[in-house]
Amino acid sequence: MTRVLLAAVVALTQLATAQRIGSIPEIHPQLQTWKCSSQNGCIKHNSSVVLDALSHPLHAAGNASVSCTDGQNGSSKELCVTKESCAKNCVLDGVDYASHGVHTAADRLILHQYQKSNGGVSAVSPRVYLLDESGKNYDMLQLLNQEISFDVELSSLVCGMNGALYLSEMLQSGGRNKLNPAGAQYGTGYCDAQCPTSSWINGVANTESLGACCNEMDLWESNARATALTPHSCNTTRLYACKGDDCGSNGVCDKSGCGFNPYALGEKDYYGYNMTVDTNKRFTVVTQFITDDHTAGGNLSEIRRLYVQNGKVIQNAVAEVSGSEVDSINESLCANSASSFQRLGGLKQMGNALRRGMVLIFSIWNDSDQFMSWLDSGDAGPCNSTEGNPDLIQAQHPETSVTFSNIRWGDIGSTYSHKKTR
């Protein structure tokens, strides 16, 4: 998803490249969510989730033993000479979600980083998307002048892990077209502000090695020791296929973002085990997207965060930035810390994406390149420089997981209980 998620994407790209629907059915795990309003309360939605297409089996039509991938090189040289031949020769099958570490129960979504099989342990690192009630398309959340809340349990997410919940401006259909009849039902169409280069774009073989760019709003990148809230703007709408300089650090998307990490901003006792937000226990995360005129037609001016735990509302950490107190993501914070974000449209551009609608994404992953240091070590968090090594995590914490539940979105103040504030 952001920053170093490219490493996870590279691992996934070895699994799939093309697009026809196979004979093994796709059965989406059901997940209850709620749409809320100030007048009518919260109405239950019978939603479901779908695994990214890169986690689905992809093989030659009529022969499941012949893969349509070619190891590190992406698509099969024989079966995928062109986009059209890849679509003709390859099929995308349904997948067993439990074997990929994905479980649901009513309103709970549980993601496991590792899966035990054949006496061993392997990394599965699932990434799933929220589908609408039809199960055919992604649910497009329009959150400008709205809020979204969810409960999270992450006490077993150790240093180096990232249990993430975020928004990406993907196409509602997942890019469904004549070369990609699967679409959102099979998890196609991923993009984010890192402009990842995978073996397909919108379900079509990526024969030109293009990057898939789009606006990204990281609502929640966290483990039990550190957390970050980060918008990433792009000067484009929906999925944009980048090439060359457009994909780089000075390209169409802001890769660093304008982030709020309490530890990085000096509040080192705010979030973690036995701290103000106690990660030993479940808590509610609320993110509010405030506009300059307090209507959905205004410009995004502020992104606010608060928590609810043990029946009490916990206000966001207050940090000092350039001599001023800051407790949210606003123009002052971004102007002082995020030049790339500002150059590419900043909060206004992020607000435009929220107005158009974005896809809700859930993932769990770790980082073999930087050990998630940008999130939880050095100036960013209390973890040391090596304990985020995935080899150590797999050996010492194979049970690591994250649980998201009670997912609600709607009018400001409508998605969580208003109780005593602390």
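The model is predicted: local features need pLDDT of at least 70, side-chain atom pairs count only at pLDDT 80 or more, and totals for chains, interfaces and linings use all residues. Residues are numbered from 1 along each chain as its sequence is written, and side-chain values use heavy atoms, with hydrogens and water left out.

I begin with the aromatic rings. Rings of Phe, Tyr and Trp (its six-membered ring) pair if their centres lie within 6.5 Å; planes under 30 degrees apart count as stacked, over 60 as edge-to-face and the rest as tilted. The count by this rule is 11 aromatic pairs. One of them, Phe150 with Phe404, is edge-to-face, at 5.8 Å centre to centre and 75° between the planes. Phe150 belongs to strand E13 (residues 146-153) and Phe404 to strand E30 (residues 401-411), so this pair ties together parts 254 residues apart in sequence. Strands here are DSSP runs of at least two residues, and helices (H or I) runs of at least four, numbered from the N terminus. Phe150 and Phe404 are buried, where buried means under 20% relative accessible area, exposed over 50%, and partly exposed in between (1.4 Å probe, protein chains only). Phe150 and Phe404 also belong to one aromatic cluster, whose members include Trp220, Tyr270 and Phe362.

I turn next to the cavity. On a 1 Å grid over the protein atoms alone, a cavity is a set of points where a 1.4 Å probe fits but cannot get out, and lining residues have an atom within 4 Å of a point. The largest cavity has a volume of about 70 Å³, a volume being the space filled by probe spheres set on the points, which are joined across faces, edges and corners. Its lining has 11 residues, with Leu54, Arg127, Tyr190, Ser198 and Trp200 nearest the centre. Two of these also meet in another way: Arg127 lies over the face of Tyr190, 3.7 Å from the ring centre. The rule for that requires NZ of Lys or CZ of Arg within 6 Å of the ring centre and within 35 degrees of the ring normal.

Finally, the disulfides, defined as pairs of cysteine sulfur atoms within 2.5 Å, number 9. In one of them, Cys159 and Cys383 have their sulfur atoms 2.0 Å apart. This link is left-handed, with -75° about the S-S bond. Cys159 sits in the loop between E13 and strand E14 (161-168), and Cys383 in the loop between helix H6 (373-376) and helix H7 (390-396), 224 residues apart. Cys159 and Cys383 are both buried.

How values were computed:
On a 1 Å grid over the protein atoms alone, a cavity is a set of points where a 1.4 Å probe fits but cannot get out, and a pocket is an open set with protein on both sides within 12 Å along at least five of seven lines; lining residues have an atom within 4 Å of a point.
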